[in-house]
Amino acid sequence: MISLDKLIVEFDKGLRTLFAPAPTLRALPGSDLPDAELSAEEKHRTVSLMRVDHCGEICAQALYQGQALTARNADVKAALEQAAWEETEHLNWTETRIKELGGRTSFLNPLWYTGSLAIGALAGALGDKWNLGFLAETERQVEQHLENHLGRLPQQDEKSRAILEQMKSDEVRHADTALQHGGAPLPLPLKGMMRLSSKIMTKTVYWI
Ligand SMILES: [Fe+2]
Ligand SMILES: [Fe+2]
């Protein structure tokens, strides 16, 4: 059973994820690289891509939070907490870069956060094997999606590239961790549904 105290703590976490600046221990990747000259169109494109990545990290916070609420095994919980912390750093990095470029984060973040929290809690309730399988698949899809964004960033924007590269390598590690802890491969229709929902997120958040 989830206690009222726990619910209040989780609600507070949600508010902080959505409305307070995220902390980071690692330095912003690429902060030592020079600022590139970007045209108005290039700046707009980069901010839009970063806004999608930022929303993805908001979803990651909610997913990990939901899973931690229901995960059973202490080892699994500890592994999820470490990955969740790195997702918080990703949140910080993407938000920082969006601000540097004079952009804004998505108005739809609360909506995607709520949906992801429910999905995370559901995956957690199905047991660690499926919970971790779902996590590994999510991380793999995020990795592919970051790869796609790396190809769409303006060639000269090394700062944004450094952030996405570091995130991508973290996501690969998160997926491996989930599999090492016993994540099961997901059925194909479920993978397809996950792809579809992430497509809806990326298409809407790019603009809104
Ligand atoms: Fe991430
Ligand atoms: Fe991740």
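Which residues lie nearest the centre of the second largest pocket? They are Lys13, Gln61, Gln65, Ala84 and Thr88, out of 21 lining residues. Before going on, a word on ground rules: this is a predicted model, in which local features need pLDDT of at least 70 and side-chain atom pairs count only at pLDDT 80 or more, while totals for chains, interfaces and linings use all residues. Residues are numbered from 1 along each chain as its sequence is written, chains are lettered from A and ligands numbered from 1 in the order in which they are written, and side-chain values use heavy atoms, with hydrogens and water left out.

**Pockets**

A pocket here is an open set of points on a 1 Å grid over the protein atoms alone, where a 1.4 Å probe fits and protein lies on both sides within 12 Å along at least five of seven lines; lining residues have an atom within 4 Å of a point. Grid points are joined across faces, edges and corners, and the volume is the space filled by probe spheres set on them. For the classes, Ala, Val, Leu, Ile, Met, Phe, Trp, Tyr, Cys and Pro count as nonpolar, Asp, Glu, Lys and Arg as charged, and the others, Gly among them, as polar.

| Pocket | Volume | Lining by class |
|---|---|---|
| Largest pocket | about 1,200 Å³ | 25 nonpolar, twelve polar, nine charged residues |
| Second largest pocket | about 530 Å³ | eleven nonpolar, four polar, six charged residues |

Helices are DSSP runs (H or I, at least four residues), numbered from the N terminus. In the second largest pocket, helix 3 hands over the largest share of the lining, seven residues. As for the largest pocket, helix 2, helix 4 (109-125), helix 5 (128-152), helix 6 (158-180) and helix 7 (188-207) each put at least two residues into its lining.

**The two irons**

Now for the metals, where donors are N, O and S atoms within 2.8 Å of the metal (3.2 Å for Na, K and Ca); water is not among the atoms, so sites may look incomplete. The iron ion (ligand 1) is held by Glu57 (OE), Glu57 (OE), Glu87 (OE), His90 (ND1) and Glu171 (OE), at 2.0 to 2.3 Å. Along the chain, its donors are spaced as E-x29-E-x2-H-x80-E. Glu57 sits in helix 2 (residues 40-70) and Glu87 in helix 3 (residues 74-100), so this pair ties together parts 30 residues apart in sequence.

The iron ion (ligand 2) has Glu87 (OE), Glu139 (OE), Glu139 (OE), Glu171 (OE) and His174 (ND1) around it, at 1.9 to 2.3 Å. Its donor spacing reads E-x51-E-x31-E-x2-H. Here Glu87 in helix 3 pairs with Glu171 in helix 6, so parts 84 residues apart in sequence are tied together. Glu87 also bridges the iron ion (ligand 2) and the iron ion (ligand 1), which lie 3.9 Å apart.

Buried or exposed, then, for Glu57 and Glu87? Both are buried, meaning under 20% relative accessible area with a 1.4 Å probe and protein chains only. Glu171 counts as buried too, at 1% relative accessibility.

**Nonpolar cores**

A nonpolar core is a set of buried Ala, Val, Leu, Ile, Met, Phe, Trp, Tyr and Cys residues joined through side-chain atoms within 4.5 Å. The largest has 22 residues, and Cys55, Trp112, Leu164, Met167, Met201 and Val205 touch the most other members. Helix 2 gives the most to this core, with six residues. Leaving out residues up to four places away in sequence, Met201 touches Val52, Cys55, Gly56 and Trp112, contact being heavy atoms within 4.5 Å.

How values were computed: Buried < 20%, exposed > 50% of the residue type's maximum accessible area, 1.4 Å probe, protein only.
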